[in-house]
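The report below walks through one protein chain for a reader who is new to structures. Please keep the sequence and the model at hand while reading.

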Amino acid sequence: MKSGEKFVLGSIMALLVFSVIRSELHVEEKHEREIPYYSTATHEVAERANDIYRENGCKECHSLWTMKDMMETVPAPILDGIGSLRTEAWLYDYLSASNPQSILPTRLKKQFGMPSYASLPESDRRVLAKYLASLKVKDWYLKETREAEQKKLHGTE
Ligand code: HEC
């Protein structure tokens, strides 16, 4: 092989390697810009659940879709992606428990812990559980979501 040919071949190889590395980097960049949270709920369920959510002051303690109350001071778990961490049945039981702390112990004073919503109509608890279960997180952000939730629950921040 002539040295000129070697040079051309070498350049092509270098370009190939470079473009592979670049596309790998691109994948990571894309993840950073992409929002990892999404909902699989129908419009109807989402609307109804949002009303119940608002009427019952959930956002005084929790954030969802990065929205939280200005006054929010309770370090409650973020609900984005909660449907990837808990099942609909678990969420329904939790919302129906007369003492939610018997399911999930609290590290907070009684007035800041999760209140009981056992007195809400059953249909409201069902819609809420269905909606919460529909709040998913993409696989590539599941680990971070789980870690953040555990930090809130156990206070290791
Ligand atoms: C007074 C503050 C407060 C309010 C209001 C509140 N929560 Fe909570 N919630 C918490 C706290 C704190 C926890 C963590 C467990 C604990 O400390 O009791 C929690 C836990 C949860 C969990 C379990 C999270 C996990 O990591 O598994 C869900 C789901 C939830 N709340 C949904 C709701 C919904 C839906 C509403 C409204 C109907 C609501 N919460 C209202 C404070 C609150």
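A residue is called buried if 20 or more other C-beta atoms lie within 10 Å of its own, exposed if 12 or fewer do, and partly exposed in between, with C-beta atoms placed from the backbone. The model is predicted, and for that reason local features need pLDDT of at least 70 and side-chain atom pairs count only at pLDDT 80 or more, while totals for chains, interfaces and linings use all residues. Residues are numbered from 1 along each chain as its sequence is written.

**Overall layout**

Helices (H or I, at least four residues) and strands (E, at least two) are DSSP runs, numbered from the N terminus. The chain contains 5 helices and 2 strands, and from the N terminus on these elements follow the order α-β-α-α-α-β-α. Of the 157 residues of the chain, 17% count as buried. Two residues are in contact if their C-beta atoms, placed from the backbone, lie within 7 Å. Among contacts in the chain between residues at least 6 apart in sequence, 65% join residues at least 24 apart.

| Helix | Residues in helix | End-to-end C-alpha distance | Expected span |
|---|---|---|---|
| α2 | 13 residues | 18 Å | 18 Å |
| α5 | 13 residues | 18 Å | 18 Å |

After α2 comes G57, whose phi is positive, near 65 degrees, and after α5 comes G155, whose phi is also positive, near 65 degrees.

Which residues of α4 are buried? They are R125, V127, L128, A129, Y131, L132 and A133, and the buried residues of this helix pack against α2, α3 and β2. A nonpolar core is a set of buried Ala, Val, Leu, Ile, Met, Phe, Trp, Tyr and Cys residues joined through C-beta atoms within 7 Å. The largest such core has 15 residues, of which L91, L128, A129, Y131, L132 and L135 touch the most other members. The elements that give two or more residues to this core are α3, α4 and β2, and the largest share, 6 residues, comes from α4. Leaving aside neighbours within four places in sequence, L132 is in contact with L79, I82, G83 and L91.

**Two loop residues**

G83 lies in the loop between α2 and α3, and this residue counts as buried because 24 other C-beta atoms lie within 10 Å. Residues up to four places away in sequence not being counted, G83 touches L132, A133, S134, L135 and K136. G83 and S134 are 51 residues apart in sequence, yet their C-alpha atoms are 5.5 Å apart in space. P115, found in the loop between α3 and α4, is partly exposed, with 13 other C-beta atoms within 10 Å. The C-alpha atoms of P115 and S98 are separated by 8.7 Å, and the two residues are 17 residues apart along the chain.

**Around the ligand**

The ligand is surrounded by 28 residues, of which the closest are C58, C61, T106, G113 and M114. The elements that give two or more residues to this shell are α3, α4 and α5.

Notes. A residue is near a molecule or strand if its C-beta atom, placed from the backbone, lies within 6 Å of it. The expected span of a helix is 1.5 Å times one less than its number of residues.
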